[in-house]
Amino acid sequence: VSSSGLFLLTGIPGQEDIHLWISIPFCLMYGNSVILFSIKTDPSLHEPMYIFLSMLAVTDLGLSISTMPTILGVYLFKYREISLDACFAQLFFIHSFQFAESSILLLMAFDRFVAIRDPLRYSSTLTLPRTSMMGLVFILRGVAVVFPFPFLLKRFRYCRDNVLSHSYCLHQEVMRLACSDITVNNIYGLSVTLLTVGLDSLFIFFSYVMILKTVLSIASPVECLRALNTCVSHLCAVLLFYTPEIGLTVIHRFGKNSPPLLQVLLGYISLLIPPLMNPIVVSSSPGSGDTRNEKHGAMHSDICCILDPLPLRTLPLFHLFSLYPTPCYSSLPEASPPLQAAIQGQAMMRAA
C-alpha cells in the first residue's frame, strides 16, 4: 500500500483562484430529481419510455452523489486527502453508474427503434415488466463487471507519487500510481470497456441504421426529417456520454504524452456534463403535436400518442428539447383499410 495510506486529489491546474466559482455549476446537477419526482407522482407517466427516463435519471443522480463529496471538498474547502479504501469505493460506484448509463442509452435507442418501426405493437412489445427486467439486467451487468476493480487495485503497492489528476478516483488513473505490474488491470479494464461501452455504442449505431432504413422506406423527404428530428436529442445525449468516455479511456492507456489538462477536462466532461444536460434533454419540443388532428384526424394521432410525452410539457423545466417528441407518423398519408381498422381498434381499446 501507499506509505501514507492516502491519495491526494487535485482540482483544475492553474485555476486555484477561481475554484469557488467553478464549484457552483456542480451544485446544479440534481435536476434529475425533478424528473424522478414527476414520473413517480404522475400515474400517466408510468409507461415504458418513462421507466427508461427514470433509470437514466437514477444513474445521473448516482454519478452526482458519488463524485460531489470529493469535488466540493477540493473546490470549496481545499480538502484533498482521500484514503485508499474510500478511493476504491468511489471508483467502484463511478464506473458502475457509467456502465449502467451506457446500457440505458442502448435501451432508449431500442425504444426509439420499436416506436418508429412498429408503433402499433409498441405497448405489447415493451411492457412494464419487460422494461423493468431489461433495466435491472443491464444495471446488474454494470455492477458485476466493475466489482473486481477494487480488489485488483487493493493488491498493489503504491510507492510512487500519490497525487491524482482529478478531484475524484478513476480505476485507470489509480492503477498508474502502482509500483507493481498493472498488466492484468490494464487488460481487464480495457476489455470491460470494449465489451460494455464499446458494444453498447455499436448496437446504438445499428439501431439508428435500422431507424434510418425504416424512415426512408415509408416517408417523403419532409416527413423523413421530422422522424429523424425525434432522435436528435437522444443522439446528443449519446455523443455527450460516449465521446469523452472513449477519449478518456484511450488517453489513459495510450496517450502518455498527451497534455495533462486535456485528461482533466475530458474527465470532468465525461462525469459532469451528462448529469447536467440530461434534465434539459429529457423535455418536450414545443408544438410537436399541435396540428396533427387538424390535417389528418384522430386516427393518425393515435399512432403519435404512443410516442408523445405530453404530460411532461406541464413542467417548466421541460421546454427546450426532447428525447421523445412526436414522430412523422402524424403526417403520413391516409392509411389502407386494414391499417385503419387496426388503428381504430387500438383507439377504442385506449378509450376503454
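Before I go on, a word on the source. This is a predicted model, where local features need pLDDT of at least 70 and side-chain atom pairs count only at pLDDT 80 or more, while totals for chains, interfaces and linings use all residues. Residues are numbered from 1 along each chain as its sequence is written, and side-chain values use heavy atoms, with hydrogens and water left out.

Back to the cysteines. The structure holds one disulfide, meaning a pair of cysteine sulfur atoms within 2.5 Å. In Cys87 and Cys169 the sulfur atoms are 2.0 Å apart. Both residues are buried, that is, under 20% relative accessible area, with exposed over 50% and partly exposed in between (1.4 Å probe, protein chains only). Cys236 is partly exposed, because its relative accessibility is 38%.

Now the aromatic rings. Eleven aromatic pairs turn up in the whole structure. Rings of Phe, Tyr and Trp (its six-membered ring) pair if their centres lie within 6.5 Å; planes under 30 degrees apart are stacked, over 60 edge-to-face, and the rest tilted. One of the pairs is Phe147 with Phe151, tilted, at 5.2 Å centre to centre and 50° between the planes. Phe151 counts as exposed because its relative accessible area is 52%.
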